[in-house]
Amino acid sequence: MNFMKIKNLIILALLGTTTSCNYLDVVPEKVGTIEYAFRDKLSAEKYLATCYSYLPYLGHETKSIGRSCGTEVTTYFRNREDGVKITLEGNSVSSPKLAEWDNMYKAIRACNTFLENAHLIRDLNGSELNRWMAEVKFLKAYYHWYLIQHYGPVILQKENLSMDASPETVLQFRSPMNECIDYVLQLLDEAVYGEAVEDPDLDIVEPPLPLTPDDAFQNGRITLPIAAAIRAKIMVHVASPFYAENTMYENFVDSRGIKLFPACSEEERKKRWEDAAKACKEAIDICHEAGHKLFDYNPELTIIPNISEEMRLILQASTIITEEENNKEIIWADPKNSTNNVQTYAMPAITLPIRARNPRGQLTPTLATAENFYTEKGVPIEEDIEWDQNGWYSNRYLTTTVPEGDYLEMEPGMTVPYLHLHREPRFYGSMGFNGGKWFGLGSQATAPAGECAENYQYTLHCLSTPDDLASNPAGRSGEQYYSVTGYFTKKLINYKTALNTAQTGWSISGYQWPNMRLADLYLLYAEALNETMDQPTADIWENWIDPIRERAGLEGVADSWTKYSTKPDKFMTKNGLRDIIHQERCIELALEGHYYYDMRRWSGGSRVDRYDIMQEMNKPIKGWNCDGADNVSYYTVRTVYNVSFSLRDYLWPIKEGDINVNPNLTQNPGY
């Protein structure tokens, strides 16, 4: 090991920014010096790939923070992995769960190395160099933001330390939150607009990033729509109460007495929302120019033509995520991570042959997630006039028999709770449950030639009958492979995934995880617009919410609330429309890893909204009684466990070992 390599590792260790002693984690294999790494385009492209290699897998089966750290999903005791453990037990300073502090700083260091040496590449033309620089600036901003989301104020690594840096320089302080946000947005501005944005006297140059990938081999690399959309999303986050109105951390100071989480003035909060709205509209225009549009599932282009419109709408909730061909809604897909495990972890044991292949059935939505979805009229279950008049809401946990007309959603004649009747298509397309129908996992192959596959769906049977698994293959029988709440995540399973012909293993139809899609951006824009107004105008819901609802088979906001809600004027007020937008996000983006971050950013200010994290995360996690062997005992609501969320849980702890090395690092409050 040469001297430069040793010295690099020493500085990295002092900063607490490495978890490995392998220099090859940062510099591509067989590269001995920085000059060698950037000697030509081919070598430098390997280093560019290194900068990308640190991107977190947002859809990971167990480590998706957005999905598993809130109250959206849980799992059975035996497999309560890090995300669920954080929700249940809290985090730890000695051995933090899902800690990314070290890894993200390694990523930032790699990005800095690239930016500082890209000028050495001999055979890269100017436009290519500008593009690569913009990609890495985006990644550097994204890695900083990922740290900020979890830890709050962080150390800004604007450049790598020199080899002869003094101990005082190495032992850095955390920067105040407003400085962290400003730096992230500066990098994103440079990535989206180019360097000229910094000088108002210069004309804006051509954006350095391409509108679309040059070819299929560049799939996953940052494009202008990706950078613009993520920039807009971050700007909505930093305008939200947690980042802009937060007074909980007014006493959070470092050893110098500097406030690390200063609250914004009312004027600054207003400007943040205005800037966020402008950024969202710019991003939408860029995405439209690149050909992105809301996805409408067309079964005629797949292997299951001739299904009914009702069945198409049910399948659409899943195909938005899992269908890649002709899907222009996905703005940023992650091609480097397989969704095979996600599907296995979500999959229920619908039949005995499927059960024999050990589907985990582990990503189990909670009862609260089931209750989030609208009624078939497109309004919340507690607001629906028909649900109120018929007593369906007050008796939602009581049971009834599935009528014949609901055969596409549930098995006629089976016993189900009223909660499962009269719901919107996204509910049936996203959630599996006892008595519910399941299109896919090979069911469509059982349809006789010429007959419609929708009439040959599987039916889920989830009662606990260990001595009769043939009757209830998805029910509990032991300590694993069952749903502790009675719900399964249907949305994340591609209907084309099935057992292989010999039924000895899975033929999994994978897909690229969607980090960002257009519906997310539309709803962010609607939210930002609403926050800039004293009273909302119709263009907010007509242009940016209604297209998503109508795609899901629902009427628009105004019609739905006016005709079907006990609060017919709700959408006409700022607070009411805010509540509608929040719930629409929770439904449309359900189980995709956004809920925890949304619920968190909506909290921390002077107001308390529907999904305030301090309230939601102090409610018990509930589901049906998975130990029930008959309908009476099974359909009993029980508490899976209780959770407790306090001020300290908003931010994650910095590992105490890092603070021991660098005493200038101030620990987050409560740890």
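**Chatting about helices and salt bridges**

Biologist: How far apart are Asp-275 and Lys-271 in helix 12?

Modeller: They're four residues apart, so about one helical turn separates them. Helices here are DSSP runs of H or I with at least four residues (strands are runs of E, at least two), numbered from the N terminus. By the way, this is a predicted model: local features need pLDDT of at least 70 and side-chain atom pairs count only at pLDDT 80 or more, while totals for chains, interfaces and linings use all residues. Residues are numbered from 1 along each chain as its sequence is written, and side-chain values use heavy atoms, leaving out hydrogens and water.

Biologist: What do the side chains of Asp-275 and Lys-271 meet in?

Modeller: A salt bridge, 2.7 Å from N to O. That term means a side-chain nitrogen of Lys or Arg within 4 Å of a carboxyl oxygen of Asp or Glu.

Biologist: How many salt bridges does the structure hold?

Modeller: It holds 45. One of them joins Glu-282 to Arg-231, with the closest N and O atoms 3.7 Å apart. That pair links distant parts of the chain, helix 12 and helix 10, 51 residues apart.

Biologist: New topic: where is Ile-587?

Modeller: In helix 23, residues 574-588. Ile-587 is buried, with a relative accessible area of 1%. Beyond its neighbours within four places in sequence, Ile-587 is in contact (heavy atoms within 4.5 Å) with residues including Tyr-374 and Lys-491.

Notes
Buried means under 20% relative accessible area, exposed over 50%, partly exposed in between (1.4 Å probe, protein chains only).
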